[in-house]
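Please read the numbered points below with the model open beside you.

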Amino acid sequence: MKSKRELVWTLLLGALAGGTLGFILSSASVRAVQAPWFVAVWLLVGAASWLEAPLQPAGEVNFAPAIFLAVSASVGVEAGMILAISAPVLPWLLSLRRRPLRGVLMHGVEDAVVLGALSLIASTVPRVTAFRLGSVATLGRVSLVFFSLRFVLLFVRTTLGQGIRPGRLFGPLLRSCAPHYSFLVGAAMTMYLVHRLIGPAGMLLAAIVLAEVYYPWRLLGEQRGLFMTSLKMIIEAVDLKDPYTSRHSQRVSNYAVMIARNMGLPETEVEQIRVAGLMHDIGKIGVKGSIIRKPSRLSDDEMESMRRHAEFGAAMIRDLGPLAGSGRIVRHHHEHFNGTGYPVGLAGEAIPLGSRIILVADAFDALTTDRPYRKGKSREEALEVLKTNAGSQFDPRAVAAFRSLLVQRLEAQKIP
Amino acid sequence: MTKLSFDVLAFVYVVVAAPVFLFVAFSSTIPWDLYPQLLVFILAIVLASFLGIQNPAGGIIRATGTVLYAVLYLFNPITALFVASSGHIVGSTSTRGWVTWRACFNAAQVGLSAALGSLVFRKLGGDPAQQDILHHIAPVLAGPIVYQISNNFFVGLFFSRVRRLPFLWNWIASFRSVLFSDLLGIPAAVLLTLLYTRVHPVIGLGLLVVLPFEAWALELYLQRRSVYLQIIESLIRAWELSQPRVRGHARRVADIAVALARELGVVERDVESIEFGALLHDVGMIGLDETLSDDQIPLSSSWMDAHVKVGAEIAGELPRREIAEMVLNHHAPYQATLRDRKSTISLGARIISLAEEVDSRLNGIFPYKEPVPYSTMHAILTDEAGRGFDPAIVKAFRRAFRLPGGEEPLDTPEMNTQSAA
């Protein structure tokens, strides 16, 4: 479902970009651009599109727009569009095609569409955006329009792709974008100014200097990616104690995020739930594998040590800075809605919402995977089990949200 | 403070006297009528020395480098000497406090280096008034590099005398460690020069405005990185708590591995990967814990195989592929690398292999039962150099941990037989 929507989105944008590019190339007289400069700028834009910073909760921003906006203003929109579409291929080639091409192209195509739309506006209503008028203030205004449109596209893509409610997405995404976009607008204006003062050589140098300043943001994003995958790794190692639950925690985390977003929780809480879903079994790191793997009934002692994993896990992550918010959720992820769970025996609304969501996700994944003593249930059967126990074991609201999600997904799978 | 020996003092005096002599002898070449601009640059150096940017590789990069490069592009050698020294003496004093000999020595050596850089820039045909400065790439690159080489020469010679370190090695290592970040400062300096000559002397200094932004972002990055590393570490430690005798093993191995990597001059990004790899090298054991806690079962090679393979499979999810490779090969003997020309056992894996051996021996950690003293471990390493471990890394280990024989050739037994014969 997710990938199909995104594919339609890409195709639509691709067609649009091609159309506008063709329109502009046919109508405007393409000026002769000095080839060496163009190659240098192309390489630079390629490198700049590699300088990518992730946004919260989803999406990304890179440094390329600053350069091709400056180029659009000083050389022409056609050059800017060609750069926007083609240059992101460079980091893709240099990474030995390890990065997904579609993601790479998508970003460039979106940029080009926005640029094209901008120049169309400019050509129809010249007074609004006199694009080649060439004062720095105009470029500033035009850049603001560019980034507003860019934001709209990013917003649409993220709502479609991640299933976040638009109302919950707008604030966090804007907060996350704003500092990057303001820096890029400033950078574009600086480069353009230097281009007018010194010429293309100056603009190249300015682009290099500004890209250097932007570089730490890429490092920051990379570090976060490394961190999240390291967490997944350690969790995967714990999951290995029970070979039948490989990748269990990662699936639980994904389910829990889907449920939380479907229930319309704020993104900060969704983030806590994502981490808690991933870490909910981390306490098992101290439980003997022989107990976890035991197919028969556990003795009281063994049950006791098994049950301690919730408390133990919560204690582990309570002191870990960014993970601390998830500690409470992990502690209560085995509490039942009617108060019969452990470790405390909370009931109903007293259980943190995140814990109730994770309990549903956890149960669903346990039901649908194969065990040594039984085969996994189908998704429909598992949903039935959840529904029967809603109100006693599970929070009915979380089950309802999960049901509506899965029903959508199951239907989407049946159509083709 | 310890008293400086005579030769160090003599060196300091000569370095301080040289620029004073040059300044007095050639002060006529300084364009005094441009005093407002000279003053602006002195001020810029002072301001820039307040803007320290944390270098991810450790230490602090001061923005002064960029301004100094612009100075050596713009002014003749003696003027560059004057501007650099006066700016530096005020800047470094206001940030680090006044210590007479240090302030004078630093200002003098920075001034001499700037003069040398300016001289080389001009001799190679560089000219800031040239219309197309990009056609003069050689002098533009050579000026700053000469400045840096000379700067590292003075500082390196001083420290090698005071701390009794091998001079040449230190000089090369310190130059290599700053080379990359210095090359990155050149575009900014060229831009500053162009803005200065073509537009207005003051506008170029607007560049200094972006530096706090960069400093802030880098600081954020370093802070995040340490938080993330701590989390990974405490999770590993939580697992170690449930195991007998391995407590703190991962951290110690990581510390040794990082020290070795730095000693071998590995670039910072790879040092980071090696640290990660060392912290995670036994991650495959988490899922296999039963076999480990049972002392009765002798260590089987299949078990050794399993923890390495499982670990590599898990680490394969990381965006850095090299880490999985390190985990996979951290028990591979060095000889395997030699036998197979196409072997892909990386330097990181060889480093971690040695670091793990050292920590396991010293602390009696699995597979060893009893801790051994330092000297025994040392003997084992010497014995195994070239067989189990990479001799270059064993050598680096001796250097890094100040063991005797760091600089001697490794195959001492053969030499002994030769001399006996």
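1. A:Thr158 is a residue of helix α7 in chain A, and, as everything here comes from a predicted model, its surroundings should be read as computed ones. Because its relative accessibility is 4% and the limit for a buried residue is under 20%, A:Thr158 counts as buried. Leaving aside residues up to four places away in sequence, A:Thr158 touches A:Ala58, A:Gly163, A:Ile164, A:Leu169 and A:Leu173.

2. The helix that holds A:Thr158 can be checked by its length. For background, most residues other than glycine have a negative phi. A:Gly163 is also one of the residues that A:Thr158 touches.

3. Another backbone feature to look at is the peptide bond between A:Tyr342 and A:Pro343, which is cis, with an omega of about 10°. In general, most peptide bonds are trans. Where does A:Pro343 sit in chain A? A:Pro343 belongs to the loop between α14 (327-331) and α15 (353-368).

4. Turning to chain A as a whole, one can count 17 helices and two strands, and of its 416 residues 53% are buried. Among the contacts of chain A with a separation of 6 or more, 68% are between residues 24 or more positions apart. The accessible surface of chain A is about 17,800 Å², and carbon and sulfur atoms hold 61% of that area. To get a sense of distance within the chain, take A:Phe38 and A:Ser326, which are 288 residues apart along the chain and whose C-alpha atoms are separated by 50 Å. A:Phe38 lies in helix α2, residues 35-50, and with a relative accessible area of 24% this residue is partly exposed.

5. Chain B may be described in the same terms. Its secondary structure consists of 18 helices and two strands, and buried residues account for 47% of its 421 residues. Of the contacts in chain B with a separation of 6 or more, 66% involve residues 24 or more positions apart, while the accessible surface of chain B is about 20,200 Å², with 63% of it on carbon and sulfur atoms.

6. How much area do chain B and chain A bury between them? The value is about 4,500 Å², of which 77% lies on carbon and sulfur atoms. B:Tyr228, B:Leu235 and B:Glu317 together supply 15% of the area that chain B buries against chain A, which is more than any other three residues supply. The contact involves 50 residues from chain A and 49 residues from chain B, and across this interface the rule finds zero salt bridges.

7. Residues of both chains also take part in a nonpolar surface patch of about 270 Å², which is made by A:Leu193, A:Leu197, B:Val199 and B:Ile203. A:Leu197 is located in helix α8 of chain A, residues 166-198, and its relative accessible area of 35% makes this residue partly exposed.

8. B:Arg361 and B:Glu357 both belong to helix α15 of chain B, residues 347-363, and are four residues apart, about one turn of the helix. An α-helix has 3.6 residues a turn, so residues three or four places apart point the same way.

9. A further salt bridge of chain B joins B:Arg387 to B:Asp383, the closest N and O atoms being 3.6 Å apart, and here B:Arg387 is partly exposed, at 39% relative accessibility. Finally, salt bridges that share partners link A:Glu60, A:Glu110, A:Asp111, A:Arg150 and A:Arg157 into one network.

How values were computed: Residues numbered from 1 in each chain as written. Chains lettered and ligands numbered in written order. Predicted model: local features only at pLDDT ≥ 70, side-chain atom pairs only at ≥ 80, totals over all residues. Heavy atoms only, no water. Buried < 20%, exposed > 50% of the residue type's maximum accessible area, 1.4 Å probe, protein only. Contact = heavy atoms within 4.5 Å. Areas by Shrake-Rupley, 256 points an atom, 1.4 Å probe, with all protein chains shown as cover. Patch = residues over 30% accessible without salt bridge, like charges linked within 9 Å, V, L, I, M, F, W, Y side chains within 5 Å. Salt bridge = Lys/Arg side-chain N within 4 Å of Asp/Glu carboxyl O. Buried area = accessible area lost by both parts, 1.4 Å probe.
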